[in-house]
Amino acid sequence: MATQTPTRPHGSPDSRAPRARLAWVVLRNAWRSLTSMRTALILLFLLAVAALPGALLPQRSLNQTLVDSYFTQYPWLAPTLDRLGFFDVFASPWFAAIYLLLMISLVGCVLPRAWEHLKGLRQRPVAVPTNLARLPHHDEFTLDMDADEAATRIRTRLKGWRRTETATTFSAEKGYLREAGNLVFHLSLIGLLLGFAAGKLYGYEGQVIVQAGGGQFCNTGILGYDSFRAGLRVDGTNLDPFCVKVDSFTADYLANGQAQSFDAAIGYQTRADLDAGVTTWRPFPLAVNNPLRLDGSRVYLQGNGYAPRFTVTFPDGQKRTGQTQWNTVDPTTMLAQGTQKFARPGVTDEAQRKLTGLAITGIFAPTSSGGKVITSVFPDLRDPEVAVDVLRGDLGLDDGRGQSIFQVDQSKIDSGALKRVARVNLVPGQSTTLDDGTVVTFDGVQRWVNLQVSHDPGQDYVLAFAILLLLGLFSSLTIRRRRFWARLTPITGDDGVKRTVVEIGGLARTDRAGYGEEFDRLRADLAKKDD
Amino acid sequence: MVLTDLALYSDRLYMAAVAVYVLAMVLHGVEYAAERASKQVLVGAGGPDVEVEEAPARPRSERYGRMAVSLTVLGVGLHLVSIVLRGLAAERWPLGNMYEFTSAITLAAMVTWIVMLRRTPSMRPVGMFVLFPVVVLLFLGGTVLYAPAQPVMPALQSYWLVIHVTTISIASGLLLVPGVASLLFLLRRSGKLPEFAAKLPSADVLDRLAYRVTIIGFPLYTFAVIAGAIWAEAAWGRFWGWDPKETVAFVAWVVYAAYLHARATAGWRAERAAWINVLGFAVMIFNLFFINMVVAGLHSYAGLPG
Ligand code: HEM
């Protein structure tokens, strides 16, 4: 056996052997202490403590803005915390070190136990101890029957127990499923972690805003998304292709403004549809709690908002209509903020373009408070109104830099390249005329939805292991491993009647919380007078 | 309207249940005090007149104890009906905000307590100590956390809500009892307040109570967390995202796993295991209150007023 100390061959003057032996001993001891219960316990504690900052400090993976404001609030502390990984706890090396050590400890602990358990299944229950009276459960009584009858009675009572017997003794054991459950539980933990890791490696999550009333989205590449979080092994070239079209969106609110339901009627085309050149859309009622589940990907309805539509009629009669989603700044009243940008049609000269760009920027209230300075008082579309500034000049669209769709380039305003030419409040259908005769009309508003596409190839495995884990846990905690012994001593009384003295003993093997009641029942059953 | 009537009755029954629990707690306190009187005589005087002194005192504490238990059962009845009416008034499963969670958790704790008491009647002196945190929680629920009966937001409209939140509440209520038992166990073993602690059941009985309830509460809690993950997958697009609430649920789960390990580790079986069990319940409460009220996350739609 590997654990035995190797003995050096007699008389061999090998100087390396002791060192190798020392290394072996050190290694062996390290392994033993890593796989001991105490280490497991300490690692569990460390895991709990290490996870806590993940709940108490803002986390990048959840909310970058909160992390940023933590930096401005605690400028002396935040950089240190950041270097130590406290804003990405669950991706930090120290958190990984703890759970990996725990998993190694678990494997080292559980595999030998599984082996022992398998061997134990083939072994016979332990022989009767000499002194049954020293067991935690013990009793002795006399039956009015001979030893054979008494043995038959015990045999029938011990149905379902694993047992062996000699002429006068019984050894029985029950509850092997406890250990099996324990092993299944611990091994499932490893499976669950592997499934989780697979999801992190090969999964992705992307968000995209699509306008209701026919807006479409196809899952063909990362660029189609507004934001995208890729797993470590995802480069975006192999997305599962499908398309979605948002036909309409409806939201219901209570009188107090609390949302009651969100529903989007969508159509979709699967990979197979696209391959086959199908042009019709399969309808689906997308709602919160009701994602569209396609092969390998899921589509969720995550958010919604408003996209005001404006039409600009230029002095030469040319018209341009634009509709861009505005950003919801207050989710309870759905007050939105945004910008609609127009380049004057037909102007190709760059210098001219820099003078004639138009931007309509401001706020939108689905239910306006009315008055000069408006705000929103209700999230639904009851009394829509916009309060906007119309700016003219250089929008910076030709600068080659990316721009936010929600804002104009502030530096252009500061430098005077973009000037305000009007400030108005408009309700749908209203328009305003600028100094050069350009007419800006607020046509109305469309809703947009925020869709999330999730792909996680590990999650089915995680679920399967979670169920196994639960079954293992249940059987391991509810089943008790217990042993039972009986010794029969035939006696013949003075009256010539054959009797049998039965001595019984019991021992619960694994936990302290009682086998007493069951033992007492067994005892009462065996000692019963009639039969 | 009929529904607002139902809501009103529900609130009144809630208050009535709290009042009855408080009364039961007081009676348990009197029972405790009465029993002390008898034992003081026993310790102090000794000799033959002990029996004379003890005879009238014992039945008295016994009587108060029985009354306390009857009142507790009555309180549980009122409490249960209050929750049912609440669900009818809001026309949904009555677990949609912190007031309702607190109500459900405390009901589960009281039912657990009554079941344990039926099995082990000698546990009765513990009643006062179980009722105390329950009354405190109910008081906080009825004041700070109170929210009127209303429908819930779309993310909460799912049958997984019913499964997840119901099992979490029951598991939390179950785990309250071991938390109290382990604390009393520690008191008993520490040798502090000997006069006070001597009326408690033996350390062994307390320890067994803690363990027995934990091994029911823990798997149920595990199931509830898994159900929550299934719901999160349908509602938020991922089954686990280390949201603060999820993180602390994980921490609590690990602490209870540590408790079960400690019970099987030499040198950790007794006091240390009990401390871990108390810590486990502290984390559960921390998750319910601190995380809901202070740390914002996806779970923070607990329906707090204001
Ligand atoms: C991720 C880490 C672990 C978790 C969450 C965990 C959890 C648990 C739980 C909940 C139990 C009680 C239920 C049962 O008996 O099946 C348990 C029991 C047990 N665990 Fe673990 N465990 C972990 C790692 C380990 C490791 C590393 C070892 C080995 C050193 C180990 C050894 C045991 C043993 C021997 C028992 C049986 C205790 C008894 O018989 O009462 N576990 N574990």
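A:Glu173 and A:Arg481 form a salt bridge in this predicted model, and their closest N and O atoms are 2.7 Å apart. The pair links distant parts of the chain, for the two residues are 308 apart. A:Glu173 belongs to strand E3 of chain A, residues 169-174, whereas A:Arg481 sits in the loop between helix H11 (459-478) and strand E22 (482-492) of chain A. Are these two partners buried or exposed? A:Glu173 has a relative accessibility of 3%, so this residue counts as buried. A:Arg481, at 11%, counts as buried as well.

Let us turn to a second salt bridge in chain A. Here the side chains of A:Asp443 and A:Arg309 meet, with 3.9 Å from N to O. A:Asp443 lies in strand E21 (residues 439-455) and A:Arg309 in strand E11 (residues 298-313), both of chain A, so the contact ties together parts that are 134 residues apart in sequence. A:Asp443 is partly exposed, at 27% relative accessibility, and A:Arg309 is partly exposed too, at 30%. In chain B, salt bridges that share partners join B:Asp11, B:Arg86, B:Arg92 and B:Glu100 into one network.

A further example is the salt bridge between A:Arg60 and A:Asp82, with an N to O distance of 3.1 Å. A:Arg60 is in the loop between helix H2 (37-56) and helix H3 (64-73) of chain A, while A:Asp82 is in helix H4 (residues 78-83) of chain A, so this pair connects parts that are 22 residues apart in sequence. A:Arg60 has a relative accessible area of 27% and is partly exposed; for A:Asp82 the value is 27%, which again means partly exposed. Over all chains, the count comes to 36 salt bridges.

I now move to the strands of chain A. How many of the eight residues of strand E14 are buried? Six of them are, and strand E14 (residues 335-342) is therefore described as mostly covered, buried meaning under 20% relative accessible area. Strand E13 (residues 327-330) runs antiparallel to E14(A), and three bridges join the two. One pairing is that of A:Asn327 with A:Gln337 in E14(A). E13(A) and E14(A) form a hairpin with four residues between them. In its turn, A:Met334 has a positive phi of about 60 degrees. E14(A) also pairs with strand E15 (residues 357-365) of chain A, in the antiparallel sense, over seven bridges. There, A:Lys341 stands opposite A:Ala359 in E15(A).

Next comes the ligand. Which residues coordinate its iron atom? They are A:His186 and B:His261, each through NE2, at 1.9 Å. This pair crosses between chains: A:His186 is in helix H7 (residues 176-202) of chain A, and B:His261 is in helix H8 (residues 244-262) of chain B. The iron site is octahedral, with angles of 76 to 178 degrees among six donor atoms. For comparison, ideal angles for six octahedral donors are 90 or 180 degrees. A:His186 is buried, at 14% relative accessible area, and B:His261 is buried, at 17%.

Finally, the surface. A nonpolar patch there has about 800 Å² of accessible area together, and A:Leu56, B:Phe132 and B:Phe290 are among its residues. Helix H4 (127-142) and helix H9 (271-293) of chain B each give two or more residues to the patch. H4(B) gives the most, with four residues. B:Phe290 is located in helix H9 of chain B and is partly exposed, at 32% relative accessibility.

Terms used:
Residues numbered from 1 in each chain as written. Chains lettered and ligands numbered in written order. Predicted model: local features only at pLDDT ≥ 70, side-chain atom pairs only at ≥ 80, totals over all residues. Heavy atoms only, no water. Donors = N, O, S within 2.8 Å, 3.2 Å for Na, K, Ca; no water. Tetrahedral: all angles 85-135°; square planar, octahedral: opposite > 155°, others 65-115°. Buried < 20%, exposed > 50% of the residue type's maximum accessible area, 1.4 Å probe, protein only. Patch = residues over 30% accessible without salt bridge, like charges linked within 9 Å, V, L, I, M, F, W, Y side chains within 5 Å. Areas by Shrake-Rupley, 256 points an atom, 1.4 Å probe, with all protein chains shown as cover. Salt bridge = Lys/Arg side-chain N within 4 Å of Asp/Glu carboxyl O. Pairing = 2+ DSSP bridges.
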